[in-house]
Amino acid sequence: MQIDVAKRLQQTEEYYFSKKLREIDELNKQGARVINLGIGSPDLPPHPEVIATLNTNAQLPNVHGYQNYKGAPALRQAVADWYQRYYQATFNPNTEILPLIGSKEGIVHICMTYLQEGDKALIPNPGYPAYAAAVRLSGAESITYKLTQEKNWLIDFEELRKQDLSNVKLMWINYPHMPTGASASDTFYKELIEFAKEFNILICHDNPYSFILTDKPRSIMSVEGAKEVAIELNSLSKSSNMAGWRVGALVGSEERINQVLRFKSNMDSGMFLPVQLAAAKALQLEASWYQELNKIYADRRQKVYEIMNLLGCSYQKDQVGLFVWAQIPDSYADGYALSDAVLDKARVFITPGGIFGDRGNQYIRISLCATVEVLEESIQRIKDNF
């Protein structure tokens, strides 16, 4: 008996990393011992107080039931305080914050809330593949806007205005940008807000990297007028080393939060309360937590620069976030060719930039989620075998 998948899935491929990890797994079964420098999954643990909070609360008898769809008040208050403290952005914890089971689910929730067949959404190229997938699942059409190194991977509003923006309902942006590590200024955000007002487009800012290797965390929501035209996703995955815990948040006006909640409340039954309380503890940590974390990432980044140099790649040293993005030498057709060659010869996996869109074809990306020792072994393997 054959049951066809729904039309919405027929153009939706399995996530690249899902397929690649299977390939790496097979190589490892054959004894290859591949070093994976591809995925940005933090290898360091959360703060001990965060784990202690989870342990303490998980042992209580009254925390194991269904939770409020809007999240625990303690977590919403912690998110509000965190936004005020680090971004100077003010939100009402009762009405303008929606905890999420990881911010990635928020991408789908937002698209399913606002988009349908006939609508269009702007997505960056290069950019996080989940944006295009979520738009496609909603039945809407993705319209890419090109980012270039010449423009420091920032939106070229002049070029964007030349596109047909009719029926464009929302726009995905992401700064610090993944995969390029580009940063955005308040001046840029002001221009973006004006653009959104001009074309009546909802700006959806995905902001999980703002604490990694940056001196000043930034949010579009700290800029005047943002609440009128923008919502923002944030996450504890990178900044608090809690990727597997699946904790994120959506912030925005009460109207927007309630609209997304109408979809989300039909998709899950809340997050385990001890996880929410532990997440609140993570958001209350002193700034020294981020400073110490960034010292570790800074040391690792120097080793990644060594790898890029060995491969003949060029890169910008002002990029931030959890990765290093680099342009490949002309001797390779594209990032896929270089990535495959390094995997084949040195048994080190590096992400090809093309998975983020064709504007990334001539680039590769290396994650900082590996110890200095692992990176040094990668360097030695490349020296010996490449």
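Author: What follows sets each label against its cut-off.

Reader: What kind of model is this, and which atoms count?

Author: This is a predicted model: local features need pLDDT of at least 70, side-chain atom pairs count only at pLDDT 80 or more, and totals for chains, interfaces and linings use all residues. Residues are numbered from 1 along each chain as its sequence is written, and side-chain values use heavy atoms, with hydrogens and water left out.

Reader: Why is glutamate 96 called buried?

Author: Buried means under 20% relative accessible area, exposed over 50%, partly exposed in between, with a 1.4 Å probe and protein chains only. Glutamate 96 has a relative accessible area of 14%, so it is buried. This residue is in the loop between H4 and strand S2 (97-100).

Reader: What makes a residue a contact of glutamate 96?

Author: Contact means heavy atoms within 4.5 Å. Neighbours within four places in sequence are set aside. Glutamate 96 then touches Thr90, Phe91, Lys227, Leu250, Val251, Gly252, Ser253, Glu254 and Ile257.

Reader: Why does serine 253 count as buried?

Author: Its relative accessibility is 15%, so serine 253 counts as buried. Serine 253 sits in the loop between S8 and helix H10 (254-264). Beyond four places in sequence, its contacts are Glu96 and Lys227.

Reader: And serine 237: buried or exposed?

Author: Buried, with a relative accessible area of 5%. Serine 237 lies in the loop between strand S7 (230-235) and S8. Outside four places in sequence, serine 237 is in contact with Pro42, Met242, Ala243, Arg246 and Val247.

Reader: What makes a set of residues a nonpolar core?

Author: The members are buried Ala, Val, Leu, Ile, Met, Phe, Trp, Tyr and Cys residues joined through side-chain atoms within 4.5 Å. The largest such core has 127 residues. Ile110, Ile155, Met171, Trp172, Leu192 and Ile220 touch the most other members.

Reader: Which residues does tryptophan 172 contact?

Author: With neighbours within four places set aside, they are Ile107, Ile110, Cys111, Leu122, Ile123, Pro124, Tyr131, Val135, Tyr145, Cys204 and Leu233.

Reader: How do you know that S3 and S4 pair?

Author: Strands (E, at least two residues) and helices (H or I, at least four) are DSSP runs, numbered from the N terminus. Two strands pair if DSSP finds at least two bridges between them. S3 (residues 120-125) and strand S4 (residues 141-146) have six bridges, in the parallel sense. In one of them, leucine 122 has isoleucine 143 of S4 as its bridge partner.

Reader: What makes S3 mostly covered?

Author: Six of its six residues are buried. Lys120, Leu122 and Pro124 lie on one side of S3, with Ala121, Ile123 and Asn125 on the other. In a regular strand the side chains alternate between the two faces of the sheet.

Reader: Why are S9 and S12 called edge strands?

Author: The open sheet has four strands in the order S9-S10-S13-S12, with antiparallel pairing. Strand S9 (314-315) and strand S12 (351-352) each have a single partner strand, so one side of each has no neighbour in the sheet. S9 and strand S10 (residues 323-327) pair over two bridges. Tyrosine 315 has alanine 326 of S10 as its bridge partner.

Reader: Why is helix H11 called largely enclosed?

Author: Nine of the 11 residues of H11 (residues 273-283) are buried, so the rest of the structure largely encloses it. Among the buried ones are Leu273, Gln276 and Leu283. The cover includes helix H3 (48-58), H4 and helix H12 (287-310).

Reader: What makes a space a cavity?

Author: On a 1 Å grid over the protein atoms alone, it is a set of points where a 1.4 Å probe fits but cannot get out; lining residues have an atom within 4 Å of a point. Points are joined across faces, edges and corners, and a volume is the space filled by probe spheres set on the points. The search finds three cavities of 30 Å³ or more.

Reader: How do the residues lining the second largest cavity divide by class?

Author: Ala, Val, Leu, Ile, Met, Phe, Trp, Tyr, Cys and Pro count as nonpolar, Asp, Glu, Lys and Arg as charged, and the others, Gly among them, as polar. That lining has seven nonpolar, two polar and no charged residues. H4 gives the largest share, three residues.

Key. On a 1 Å grid over the protein atoms alone, a cavity is a set of points where a 1.4 Å probe fits but cannot get out, and a pocket is an open set with protein on both sides within 12 Å along at least five of seven lines; lining residues have an atom within 4 Å of a point.
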